[in-house]
Structures are given as C-alpha cells and as structure tokens.
Amino acid sequence: MPVYSISHVENVRVCVVMVGLPARGKSLISQKIVRYLSWLSIKSKCFNVGSYRREVAKDTVINADFFDPQNPEGLNYRKQAIDTAIIDMMKWFLEENGVVGILDATNSTRKRRDMILRLCRENHIEPMFLESWCDDKELILQNIADVKTTSPDYVEKSSEFATKDFLKRIELYETVYETMDSVKDANLSFIKLVNVNAQIILNRIETYLESRIVYYVMNLHIKPRSIWLSRHGESEFNLTGQIGGDANLSERGWKYAKKLPELVLKSLGEDLQHTNLTVWTSTLKRTQQTASFLPYKKLQWKALDELDAGECDGMTYEEIEVNYPEDFKARDDDKYEYRYRGGESYRDIVIRLEPIIMELERQENILIITHQAVLRCLYAYFMNVPQEESPWMSIPLHTLIKLEPRAYSTLVSRIKADIPAVSTYKEKGTSQLGESKSSENVFKSRDLIKNSSSA
C-alpha cells in the first residue's frame with residue numbers, strides 16, 4: 001500500500017500546471033515534486049513541453065527568434081509540442097492510473113491556461129497551477145547559468161551565446177506573459193511563489209493531495225547548493241558481519257574519520273573552502289565518531305539511525321538464514337516492503353525520513369554521515385531510483401558522495417578514500433557478504449560505486 005493512500009480513497013487525480021517565464025526554476029521544481037511524490041509511493045510523472053518541442057522541431061535551428069510570438073513556424077511547432085504533451089499526459093492518467101501529472105511549460109497566457117483547465121475538468125482531473133514569479137536579477141542569472149550548462153538547447157554553444165540568447169528568449173516571452181492574479185484567477189487552485197519563497201500566495205487549495213504538494217513546495221529553494229553523503233567509517237560490527245547494534249569504529253574506520261576533513265575540502269574546491277557546512281549524523285556512536293574530526297557545526301537526528309533489525313539486531317545474515325529461514329527468503333523476495341520482526345522495513349525508513357527531506361530542501365550545504373539503508377533511501381530520493389531497486393544499491397564504506405541538484409538532473413561525484421574496508425553488501429539469494437562481479441542482479445543504480453577517484 002502507498003504511504004499516503006488517501007489520494008486513492010478520494011479518487012483525486014491532480015494536474016500541476018507550471019506557470020512562469022524561462023529561467024524561473026520551473027523544471028527544477030517539477031522534477032523535485034515528482035521525486036518527492038514517487039518516493040512516497042504516489043505515482044507521478046513530469047511532462048516537459050520543451051522535450052516535446054525539441055523532438056517535433058529537431059530539424060529546425062533553435063534560438064531566441066524561434067520563440068518570437070510573431071514567428072508562425074515557431075508557434076506551430078510549439079503548439080504541436082504542448083498538444084502532444086497533453087495527449088500523452090491524459091493517456092498516462094487513463095491507462096497507467098497516474099495520480100499526479102506535471103505539465104512543465106511556461107503556460108504564459110490565460111488563454112492557454114483556460115484550455116488546459118477545460119481539458120482537465122472534462123477528464124475529472126483537478127488542475128492546480130504553480131507559478132514561479134521572479135524579478136530577482138541575480139537569481140535569474142543563476143538559473144540561466146544552470147540552464148545553459150544542462151539544457152539540450154545549448155549543447156556545443158558558447159557560454160556567451162547561451163546567456164545572450166536566453167535573455168532575448170525571456171524578453172520575447174515577457175511581451176505576452178500574464179501572471180496569476182488573486183482577482184482574475186480567484187476561482188482557480190494555485191500556488192504563486194514570489195522570488196522562490198520570499199512570498200507565497202495560496203488560492204483555493206482544497207484536497208489533501210494538493211496540500212501535500214503545497215507543504216513540500218513551501219520548503220523548496222532553487223539556489224545552487226550541494227549535499228554530501230557518507231556512510232560511517234568501518235565499524236567493529238562490519239568486521240564480524242553483524243547487522244544493527246551501536247558498535248565503535250574499527251581501526252580502519254578511525255583512519256577514515258581522520259581522512260574525512262581532507263576529502264571534504266577536496267570536494268568543496270578552492271571556491272567553496274569557506275562555505276558554511278553543517279554536518280548531520282545519527283544518534284549512533286559510529287556516525288558521531290566518523291564526524292568527530294570535522295570542524296563544522298554538527299546536529300544529531302534520530303531519524304537518521306540505521307534500519308531497526310528488531311529480533312535480528314546483532315546477528316549475521318548466516319545466523320538469520322539458519323534461525324529465520326522464511327523471513328530470510330521473504331526479505332530477498334521484497335526487500336523494500338519486508339519488515340524485520342519487531343523492527344523496520346525500507347518503507348518505514350522513508351516515512352521517518354520525510355522530515356529530514358523537508359529540512360534538507362530548506363538548507364543549502366549539508367554533509368550527512370549515516371548508515372547504509374538510510375543512505376540508500378536518501379540517494380533514491382535525489383536520483384529518483386525506483387523503490388524496488390533502492391534496497392539493492394551498493395553504497396560502499398569510505399567513500400564521500402557529492403550531489404548537486406540541477407534543473408534537468410542531479411550531478412554526482414565521488415571521492416574514495418585510499419583506506420580499505422570490508423564489503424557489507426549482501427547479494428540476493430545468499431547470506432554471504434561481498435559483491436559478485438557476475439551477479440545478474442545488477443541495477444543501473446550500482447553505478448554509484450564505479451569510477452570513484454582516489455584521494
């Protein structure tokens with residue numbers, strides 16, 4: 001069952017209609033909403049009209065002039081794109097039982113928004129408009145810098161050309177743009193973000209699902225930032241193959257703790273050496289010991305504690321297989337849903353991590369030192385990894401992971417410390433620890449451990 005099944009009880013389907021000029025963070029917000037809702041088991045999908053436009057106009061030169069309201073060819077291609085995106089979205093709602101669809105486009109005019117409103121109402125889908133309105137020039141330029149480096153429109157184009165062209169594109173959109181208005185749009189459900197979250201205007205938010213989206217969006221910011229993830233250093237329980245517990249670091253684990261400040265500085269780079277970084281740990285000794293040499297503010301979170309193994313706490317997988325053979329098999333069959341006797345499942349971790357995610361979205365630069373199962377769930381959120389894959393991701397010890405959320409993707413970089421550690425990974429179907437190179441159970445998310453650079 002979904003974590004939040006009320007959307008199905010109400011039989012509510014929502015179309016989030018993005019509104020806003022280019023470089024206002026619409027695509028980033030759209031992707032974040034999809035990641036958040038999918039992470040909570042609410043079936044969601046983003047329909048990016050720019051992607052459809054690039055497909056229908058793939059043989060056409062795309063520059064600012066393409067977006068001129070007086071350019072009939074550009075208008076035709078753009079109409080094809082929005083029409084195809086809407087058709088695909090309605091098909092997804094109908095055939096795949098979609099719950100929240102996001103139409104990611106400028107949707108600049110009331111005429112366009114009225115058309116989408118009518119279509120949604122005809123198909124018994126609740127439309128909710130989400131406008132990102134911004135006149136903060138510094139923030140707009142930051143967004144342009146992000147778009148020009150990640151958008152397919154500017155592949156192989158110079159940075160100077162991309163900035164100039166994008167600013168012209170914005171000017172052309174401004175000639176027809178109509179913002180959401182509390183009087184003119186009084187009958188619509190909408191959220192209006194003014195300069196990201198300097199001011200938030202809400203209008204007619206009525207359903208539970210809409211309120212969940214509002215609560216999440218109110219915690220967002222779209223400024224560039226990074227999040228660092230690391231498991232604790234190798235522990236004494238890691239050496240013996242025991243799960244859970246509150247063990248101290250091993251000798252090699254302490255070496256990693258002493259090395260970690262150097263890895264963090266290397267990952268920050270010269271430009272960010274004086275960044276205000278906050279370190280979050282669990283309440284367990286091994287994470288706090290790993291953070292002990294870091295010269296940054298530290299906070300402990302109970303929600304970051306390792307998955308509770310219940311009656312199996314302190315046991316090895318071999319012991320679990322012998323003592324609880326049915327449970328051992330059940331966990332392999334559905335690792336995400338399986339709950340240890342008297343303990344937790346991966347789904348339970350997701351539920352208790354939701355406040356962590358909300359706080360993470362409000363913060364700028366955070367280093368999280370926590371445990372294998374918890375990091376799998378956090379990584380799955382940022383990388384939109386499917387639930388059935390997330391418990392099988394390999395996240396090795398003694399590796400610092402840097403995530404940089406962007407509009408079209410999340411950039412990942414890794415620094416692997418030159419300090420050996422045991423593998424705590426258990427392949428499906430075995431009680432032995434360590435990864436089999438020939439394993440058939442290899443997901444794309446396993447790339448997390450590949451191509452790591454040494455420090």
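**View 1. Polar contacts link domain 1 and domain 2.** In this predicted model, eleven residue pairs are in polar contact across the interface of domain 1 and domain 2, both partners at pLDDT 80 or more. On the side of domain 1 that touches domain 2, the elements giving two or more residues are α2 (26–39), α6 (137–150) and α8 (208–217). The most comes from α2, with nine residues. Sorted by class, this side of domain 1 has eight polar, seven nonpolar and five charged residues.

**View 2. Salt bridges cross the interface of domain 1 and domain 2.** Two are found there. R212 and E354 form a salt bridge through their side chains. The distance from N to O is 2.2 Å.

**View 3. Domain 1 and domain 2 bury area against each other.** The buried area is about 2,000 Å². Carbon and sulfur atoms give 56% of that area. Of the area that domain 1 buries against domain 2, R35, W39 and N219 supply 41%.

**View 4. The chain is divided into two parts, domain 1 and domain 2.** Domain 1 covers 13–219. Domain 2 covers 227–437. Taken over C-alpha atoms, the centres of domain 1 and domain 2 are separated by 35 Å. In contact across the interface are 20 residues of domain 1 and 21 residues of domain 2.

Note on methods
Residues numbered from 1 in each chain as written. Predicted model: local features only at pLDDT ≥ 70, side-chain atom pairs only at ≥ 80, totals over all residues. Heavy atoms only, no water. Domains from an automatic or database assignment. Contact = heavy atoms within 4.5 Å. Buried area = accessible area lost by both parts, 1.4 Å probe. Salt bridge = Lys/Arg side-chain N within 4 Å of Asp/Glu carboxyl O. Polar contact = N/O pair within 3.5 Å; in protein donor to acceptor, adjacent residues only side chain to side chain. Helix = DSSP H or I, 4+ residues; strand = E, 2+ residues; numbered from the N terminus. Nonpolar A, V, L, I, M, F, W, Y, C, P; charged D, E, K, R; others polar.
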